[in-house]
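Thanks for coming, everyone. Have a look at the sequence and the structure on the screen.

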Amino acid sequence: ANIVAIVGRPNVGKSTLFNRLTESRKAIVDDFSGVTRDRHYETAEWIGKKFTVIDTGGFVHGSDDVFEEAIRDQVYIAIEEASVVIFMVDVTTGITDLDDEIADILRRSSKPVYVVANKVDHAKLHHDSAEFYAFGLGEVFNISSATGSGTGELLDAVVSHFEEEQEEDEALPKYTIVGRPNVGKSSLTNALIGKDRNIVTPMAGTTRDSIRIHYNQYGHNFLLIDTAGLRRKSKVNEDIEFYSVMRTIKALEDSDVTILMLDAQDGLEAQDVNIFNLAEKNRKGIVIVVNKWDLIEKDNKTMKAFEDRIREKIAPFTDVPIIFTSVTEKQRVLKVLETADKVYANRTKKIPTSKLNEVMLNIIESYPPPSLKGKYIKIKYVTQLPGRTPMFAFFCNLPQYIKDPYKRFIENKLREHFDFTGVPIQIYFRQK
Ligand code: GDP
């Protein structure tokens, strides 16, 4: 997982840079859900390299005196967890004490650090940023996150540090359990693994820092990516939200299927929607588990109502299994695994081209894309593209005229006929 953390004192412009780096992707996800999304992490892409950007500023809450402490904590965590750290300073204020303090911490780390002088909105200010060389952290990148100038050079440098994604063709599916603290993640892991926890083998090396547990029982055979069991290296508070977010992102990116666990007493909250979106954008399989179902007073309508509320919030991608569990009462624990297996199978399946054309061309003939400006759009051929997640290309004469509602219609039909429950699918219209 390539994670870029933006650190720096308040008001230097971290969020503006964050928004700039991630904006093109944000536009893809329409906000249908009505959930307020305070996103502080988001996927981004530069010259074909995907990464997750984290705005550490978004995680500082509370009064002024906890402020500096919290910022220091985040810098420590960023050093441990991120692949690259962007240290942002403000050219209009110059070096402050807190800047110096952050620089001290960063100098002692071995992670790549980029000093970024922000608010260099015009050429005159270029000289002013020279003072930041005094940090002893190497080159200073001048940017204006308001206008976007300089961010290209910065990104070129940043992505040069990314690990080449190892094409791991490990045969085993990889699942991870994510969710807010106390929803029951460890309880579920324990229920599955129990006292066999000593089979746990931390994968050595610098590229990985999650624990992989090989589960092979009752006909299920997979690797559970577990981050909860890891001990922290530094003495920063374990509960800090920023830390758990970093770990969640890593585990999620590392896995094929994300098991998003909720506490039935709270339902799906904004933070959960953020994780859901991240999983969707990374094209991971998704299973939603509503745990502590034993604590809910219920009649025969409760489950359905609960499900409907969740689907409303995760729209438009609602074709996701939702399972109601009680880990403590051992209710439907194995059902979680069965469902994850099913989602994994959906994510890796290949539909034969002949079958795909037979079904889809029939539907398209009955419901062709609406003609535009008097031009008829003719879809001639469908094929599933090679890849690790389901992708389909529809070849037609005028791909540019096909609008989103029709694309959604096609997606729904694919789901209806071929079952891609729990799996994001990609649809492309191409010229033939
Ligand atoms: P984590 O932080 O997500 O790993 O959550 P834990 O597994 O540590 O669980 C937090 C608390 O919730 C513990 O006290 C568990 O015993 C309790 N818990 C977990 N699952 C259930 C459940 O299904 N029902 C009830 N009533 N309590 C649960």
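Predicted model: local features only at pLDDT ≥ 70, side-chain atom pairs only at ≥ 80, totals over all residues.

Sheet. Six strands make an open sheet, and the pairing is mixed. Read across, the order is β2-β3-β1-β4-β5-β6. Which strands stand at the edges? They are β2, residues 41–46, and β6, residues 140–142. Each has a single partner strand, so one side of each is left without a neighbour in the sheet. From one strand to the next, the twist averages 30°.

Strand β5, residues 113–118, pairs with β6 in the parallel sense, over three bridges. Val115 has Val140 in β6 as its bridge partner. Helix α4, residues 151–159, packs on this sheet. The helix touches β1, β2, β3, β4, β5 and β6. Its direction makes about 170° with that of β5.

Next, the core. How many residues does the largest nonpolar core have? It has 108. Val115 is among those with the most contacts inside it, and so is Ile259. Helix α6, residues 241–254, gives the most to this core: seven residues. Stay with Ile259. Beyond its neighbours within four places in sequence, its contacts include Tyr175, Ile177, Val287 and Val289. Those last two, Val287 and Val289, are also on the list of residues with the most contacts in the core.

Definitions and conventions:
Residues numbered from 1 in each chain as written. Core = buried A, V, L, I, M, F, W, Y, C linked by C-beta atoms within 7 Å. Buried ≥ 20, exposed ≤ 12 C-beta atoms within 10 Å, placed from the backbone. Helix = DSSP H or I, 4+ residues; strand = E, 2+ residues; numbered from the N terminus. Contact = placed C-beta atoms within 7 Å. Pairing = 2+ DSSP bridges. Axes fitted to C-alpha atoms, helices over the stretch in contact; angles between N-to-C directions.
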